[in-house]
Amino acid sequence: MSKDSQGPMWEVFVQKKAGQPFVHCGNLHAYDKEMALQNARDLYTRRGEGMALWVVPSSAIVSSSPEDMGSFFEPSNDKIYRHPTFYQIPDGVGHM
Amino acid sequence: MEVINFEELFESKLAKNDIIEPKDWMPDNYRKHLIRQISQHAHSEIVGMLPEGNWITRAPSLRAKLVLLAKVQDEGGHGLYLYTAAESLGTSRDEMLDALLTGKAKYSSIFNYPTLTWADVGAVGWLVDGAAIMNQVMLQRTSYGPYARAMVRICKEESFHQRQGYELMTHLAFGTPAQKEMAQDALNRWWFPTLMMFGPPDIESPNSENALKWRIKRETNDELRQRFVNQTMPQIEYLGLTVPDKNLKWNEAKNGFDFSEPDWTEFKAVIKGNGPCNKERLASRNKSHSEGAWVREAATAYAKKQNENYEAA
């Protein structure tokens, strides 16, 4: 097999409009930061999909694992008092 | 401690129409099936750049050249989306490219047919991309997340491809008699190869059963082929062109068209490597890959130096 390297993988995040969050849109190969940004522009914003881009080396991403999903997120499951609907507000005081 | 039965969890996700993500447990055969399908799909996009790329330098107007360049660039982008989707399953870009360049991997047999005239550029956009869209719209709801997300982006872009192809065909079909004849000739040559794109008939399709079970596919080859014919016939009639199939006729009872099957012997021969352009396509890919080797080497060396400077600073 050829020992050609395509460069490391990068994750791409696009901001659609100013003020909106950056959203993950995909990934690509590039050899360095500059090329990653240019490739991201050419690959993910050919039709005005965004006005700002982040590129992050995929190796820098830390993620939760699906096997731990239950126990990892468990601490928030029994804390219904974190939601506004937990509280009783009397009628007649208007929107709160 | 709770013991998780991963296989049951996987099955129950599929039953609920949930999406499988890269880090989820999945059966080996599901993973293998996806790697094969997604990498072949990616190869098809990349090899698919060649028949149309053939006409970029000879496009008859600046507008036509800009459109064709944009379309071919899109196909390259689609290949890249798909390669990374396959990589999320544990294969590497190098492995996939190697399989393509050595002829081990398959790609859509349609791209082994030549684009002989300018009308072929229209026919490819209209018919080939049209057939691809039919398949890809279904795949937007495929069970593997990264593949589904790539398909959503691809479908948005493909619509331009099909429309530009049909527009080109209208110019020819309503042009001079020679232009109309060119359009008819393109339809004659592309009709049956396009019908082959949906794959062998359901009764002979070796991969369909698992693909349907795992919700990778949601419709069968024959269902998609029938829908394509039903949708395309009015477009052909509008152009005043005729389908090269004397069995093609409306069937009121099934609310669809009856039509002849493509020549499946030819299909098998093209897949085996004996189509009109198989050797040429593979040679082109190998040529551009080896001619690009110095760029990859230079970029690797540059990135290494950048990192060293960064660490030294």
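Let me start with a term: two residues are in contact when heavy atoms lie within 4.5 Å. By that rule, 25 residues of chain A touch 25 residues of chain B.

Some housekeeping, everyone: this is a predicted model, where local features need pLDDT of at least 70 and side-chain atom pairs count only at pLDDT 80 or more, while totals for chains, interfaces and linings use all residues. Residues are numbered from 1 along each chain as its sequence is written, chains are lettered from A and ligands numbered from 1 in the order in which they are written, and side-chain values use heavy atoms, with hydrogens and water left out.

Back to the interface. Chains A and B bury about 2200 Å² between them, 51% of it on carbon and sulfur atoms; that is accessible area (1.4 Å probe) lost on being put together, summed over both parts. Four salt bridges are found across this interface, meaning a side-chain nitrogen of Lys or Arg within 4 Å of a carboxyl oxygen of Asp or Glu. For A:R47 and B:D74, the salt bridge has an N to O distance of 2.5 Å.

What do B:A64, B:L68, B:K71 and B:E75 in α4(B) meet in α6(B)? They meet B:W118, B:V121, B:G125 and B:D129.

On α2(B), the residues meeting α4(B) include B:I38, B:H41 and B:I46, and their partners in α4(B) include B:E75, B:L82 and B:Y83. Thanks, everyone!

Notes
Helix = DSSP H or I, 4+ residues; strand = E, 2+ residues; numbered from the N terminus. Buried area = accessible area lost by both parts, 1.4 Å probe.
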